[in-house]
Amino acid sequence: MSLSETATAHSATSLDWDLIRRRGKSVFAHGIVLGLVGVMLLPLIYMVMMSFKTSTEIAQDPLGLPNTLYWGNYMEALASMGYVRSVINSMGITVSVILVVVFAGAMAAYPLARLENRISRVIVMVMALGLATPNFVTITPIYVIFRDLGLLDSYLGIVLAFAALKLPLAVFFYTSFIAAIPIELEEAARLDNCNNWQVFWHVIRPLLAPVTATLSLFVMIMVWNDFIYPLLLLTDKDKLTVMIAVYKFVGNTGIDPTKLFPAAVLGSIPLLIMFAVFQRKIMAGATAGAVK
Amino acid sequence: MAELALKNAIKRYGATQVVHGVDLQVDDGDFCVFVGPSGCGKSTLLRMIAGLEETSDGRMTIGGRDVTHADPAKRGVAMVFQTYALYPHMTVRENMSFGLKIGGTEKSEIKRKVDAAAQILKLDDYMDRKPKALSGGQRQRVAIGRAIVRQPDVFLFDEPLSNLDAELRVEMRVEIAKLHKQLGATMIYVTHDQVEAMTMADKIVVLRDGRIEQAGVPVKLYEDPDNLFVAGFIGSPRMNFFAGTVARVEAGIAHVTLPRLGGVEVPVSVSDLPAAGQAVKLGLRPEHFEPGGAIQTELAIDVIENLGGVSYAYSSAEGDEHPVIVELRGKTRPGESGALSVAFDPSSVLLFDSETGQRIR
């Protein structure tokens, strides 16, 4: 073998090793990611699997795959949980809370982001404290206040309660986002004959779309999945939210998995659909400001 | 179109005064440029005229109307911002129409005005695009178009070209100058670039620390500056200053000795004669070094900057704040030792009081 042939063979071998090393790294990285995704999806997969099992299958092999897709569990859950009504309630409450939080939050955040004085700084700080306040601390005051205002067991009451609880998050989101909007845009609008309200409505509000989508998603997940406040403030079974309807299958003495799991799947489906619809906007909001 | 007048305009932020009693008259149809270093108050003054900053004291009129405390939209001004400030969610057409729409102008009238402005600025092909789909130059044209459609009395430009690259800046400079001719409107333009100021202005206002140092036509400021600051700021490369002493005063001539130029004595003819022994500064522009000049000396040259058509020789010595710059024409070059024989005519020098910085005329 000549010298040049030896050199060629040597470089070919080192190229192969480079390729194998690179592929190996890639497989390893993908393996870790897939493993983490699997861990995160495990409860969801378990819930879906259980929802299709008969009670006998659950008793015999609680961790195994269902033998057939048994839809009977879903039929029974649908019939006994008042699904459509509870989904409509949850949707109505969630959408109303989002509307209130988005409008009130954006309008409150606009002056807070622009006014550089002590009062606005204190308000922003109070809002940040609101974010840090544990949920259970507010349960009793909210119950007492809403009872005294006659707002118990009403849609208005639950919407106002959620709106008050989520407003700090909205103000926090919007304040930092609006502060990053160049002031020249507002100045241009003032020269274009806009008053304060018109500046907000025509110039600031349209620019808030990405952050509004992200905020709406957070609020939607929190309100949809919330269990404590609907349980605390709503008693009329026609006004119950879907999470309370699911919880009905957790009895005092035991759990009926053939109803609880399909109900949980049914309760999560609308949220997953909404998440899929908003996903693109949410990502835009999450990365807004990263690139000019 | 209208004239603008400022009478003792003052701006304070709390206890800090940043604009100190500015008096200024900009005539109808003038292109007036505010120029000065960063922090001199030129943008603040422009924003006071726009109404975006409250005028703390003094009076401001546009076309004879007192607008000192009027809302920005009621002043009859339109402003082009350094950052363009285009509404990102609106198309070019919507950006240009917005002000008229808010003002309640009829749709057909808005369309007519916007189309006319688009034609002037060659924006017809971009009317349905959003700002993010435009280049820097196109965005700047849209910003100008937005100002044009409002048909203001006074156009205000706040460093509109500073975000553009060098080539585009020259192109837009010419376009704005053409636009001024075409519209015949009163324009006030802020820049820190004195080349922009010299090439575009009918009138230059040089500002420093919130005060007008000098205002006038560009050539007047270049040839006949009132003080050291204006003399140094206007002109590129900058004017050379040599510290000197008045050796004697004879027959209306002050004889100034310049240690930096080998102790040469320069006779300067001034009417307000300084006293013998007074410390002065002598100003001489790089192009005023001429081979046939009456005063001859030598300079040790460190660097020669060849720009093609013209070259500049730089000479630094200990104690110099700035190097001495000599414009070289033809094939004049320093000898092997680096020494360059230079000459200048005493009539081309300017004399300044070292202490006050004021011109001695």
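These legends describe close-up views of a predicted model.

**View 1. The contact between chain A and chain B.** On one side, 14 residues of chain A take part; they are in contact with 16 residues of chain B. Two elements of chain A give two or more residues each to this side: helix H8 (183–191) and helix H9 (196–207). H8(A) provides the largest share, six residues. By class, the chain A side holds eight nonpolar, two polar and four charged residues.

**View 2. Packing of helices H2 and H4 in chain B.** Helix H2 covers residues 92–102 of chain B, and helix H4 covers residues 136–149. Their axes lie 8 Å apart, at an angle of about 30°. Angles under 35 degrees count as roughly parallel, and H2(B) and H4(B) are therefore roughly parallel to each other. Their crossing is right-handed.

**View 3. Residues between H2(B) and H4(B).** H2(B) contributes B:Val92, B:Asn95, B:Met96, B:Gly99 and B:Leu100. From H4(B), these meet B:Val142, B:Gly145, B:Arg146 and B:Val149. The residues of this contact divide into five nonpolar, three polar and one charged.

**View 4. The two domains of chain A.** The domain assignment places domain 1 at 3–51 and domain 2 at 82–287 of chain A. Their centres, taken over C-alpha atoms, are separated by 42 Å.

**View 5. Where domain 1 of chain A touches domain 2.** Four residues of domain 1 are in contact with five residues of domain 2 in chain A. The domain 1 side has three nonpolar residues and one polar residue, with no charged residues.

Conventions. Residues numbered from 1 in each chain as written. Chains lettered and ligands numbered in written order. Predicted model: local features only at pLDDT ≥ 70, side-chain atom pairs only at ≥ 80, totals over all residues. Contact = placed C-beta atoms within 7 Å. Helix = DSSP H or I, 4+ residues; strand = E, 2+ residues; numbered from the N terminus. Nonpolar A, V, L, I, M, F, W, Y, C, P; charged D, E, K, R; others polar. Axes fitted to C-alpha atoms, helices over the stretch in contact; angles between N-to-C directions. Parallel < 35°, antiparallel > 145°, perpendicular 65-115°, else oblique. Left-handed = near helix turned anticlockwise from the far one by under 90°. Domains from an automatic or database assignment.
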